[in-house]
Amino acid sequence: MLNRYLLALMTLLIVSGIVFSLMEVLPGDCAEKYIAYKNTQGEIITQADIAAERSRMGLDRSLVVRWSSWITDLTLRGDLGFSCAKRQSVNIALGDRFWMSFGFCIAGLVFAYLIAVPFGILSAYMINKPWLDTNPQHSQKQRLINSLGLSFNKLLDLKLRVISYLGLALPNFLLALSIILLYVFAGEPVPTGLFSDQWSNEPWFGASGFQYAKLTDFLSHIWLPIFVIGWAATALQLQTVRALVVDESNKLYVDAARARGVHGMSLWAGYPVRHSISPLFNSIGFDFQRVFNDLPIVAVVIGLTDSAALLIEALAMTNDQEMAAAILFLVALVVISMNFMTDIVLAAIDPRVRKSVLG
């Protein structure tokens, strides 16, 4: 257990160090970009002004000193640093935006699992099933009813596989753009952002109490980012669940259960499905990271103002080291925490992994 704590701590340190190092090699820094912006406003900027701004931001110190200072402030005071682009504390600049991104990712994962797990199991169950019932021991009416059910399930399985392939092949941002274009062609208001212009600045509680109209407006917008970021995750998990269940169904313990007279869904639910859930459950942290990786470009397309949009701005526009390091540090912390919690839960319910986790 102690080894896992130390490994998690080392991972967080490495993540922050990599972010600082990579942004160090980018041309220019936050001070130069800020001075360049002031230059566009008609001010005459000299090298002395740039040097003074770099000194004020602390960018004249070495990389190791700045990184060590950032780690120390984070450890002792929970201070995520100072955003040179926003010219305020990263804690304030982020505000609730990281929790907004966290909520998007969790909602996208829930959406993915609710679809992928049951339909992935169904797809695995139908993989070796025939299209028609040709059992001569069944009556003609029973064969017809069974054939209709088998054909329906096989067609559903085929559709799910096509959808999963599309989900893996179609980028999330292209899906978002396609949905937005459909709204444009239909002449309907585009559900970008989190609220329409009418409700974006309105409080949740008005003179008459809670404003349900704002909640309705929010729900009419929030489905788009959840659906888009959950799209690829659903396709991937559908393939994963299907492969895991099929692999488990071909093992000897399933044949032994079948020989004891266990058949149908009782066999599948009690044996291959049950043993396939553990690796799927253990991958929740990695799935969260995968979904968050898709969120920045989706946030730009849809017009969100969460931490993913701030990350794009910090990396590509302002070279804001401490902002980028803080966001990626928090993402790594969430992923590591999720993996740690899933390990503990699996150790409690699965004796096969208990020794490896607690040892």
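## Close-ups of a predicted model

**View 1. The whole chain.** Buried residues (under 20% relative accessible area, 1.4 Å probe, protein chains only) make up 38% of the 359 residues in the protein. This is a predicted model, where local features need pLDDT of at least 70, side-chain atom pairs count only at pLDDT 80 or more, and totals for chains, interfaces and linings use all residues. Residues are numbered from 1 along each chain as its sequence is written, and side-chain values use heavy atoms, with hydrogens and water left out. You'll find 16 helices and 4 strands here, as DSSP runs (helices H or I, at least four residues; strands E, at least two) numbered from the N terminus.

**View 2. Ser101 and its surroundings.** Ser101 sits in helix H6, residues 97-125, and is buried, at 0% relative accessible area. Its side chain makes a 2.7 Å polar contact with that of Ser307 (N or O atoms within 3.5 Å; within protein, one must be able to donate a hydrogen and the other to accept it, and residues adjacent in sequence count only if both atoms are side-chain atoms). Skipping neighbours within four places in sequence, Ser101 is in contact (heavy atoms within 4.5 Å) with Phe292, Leu295, Asp306, Ser307 and Ala308.

**View 3. Two annotated spans.** An unreviewed UniProt entry annotates "transmembrane region" for several stretches, including 162-186 and 295-317; such annotations may be inferred rather than shown by experiment. Residues 162-186 are 92% helix and 0% strand, with end C-alpha atoms 26 Å apart. For residues 295-317, the end C-alpha atoms lie 17 Å apart, and the span is 83% helix and 0% strand.

Methods. Buried means under 20% relative accessible area, exposed over 50%, partly exposed in between (1.4 Å probe, protein chains only).
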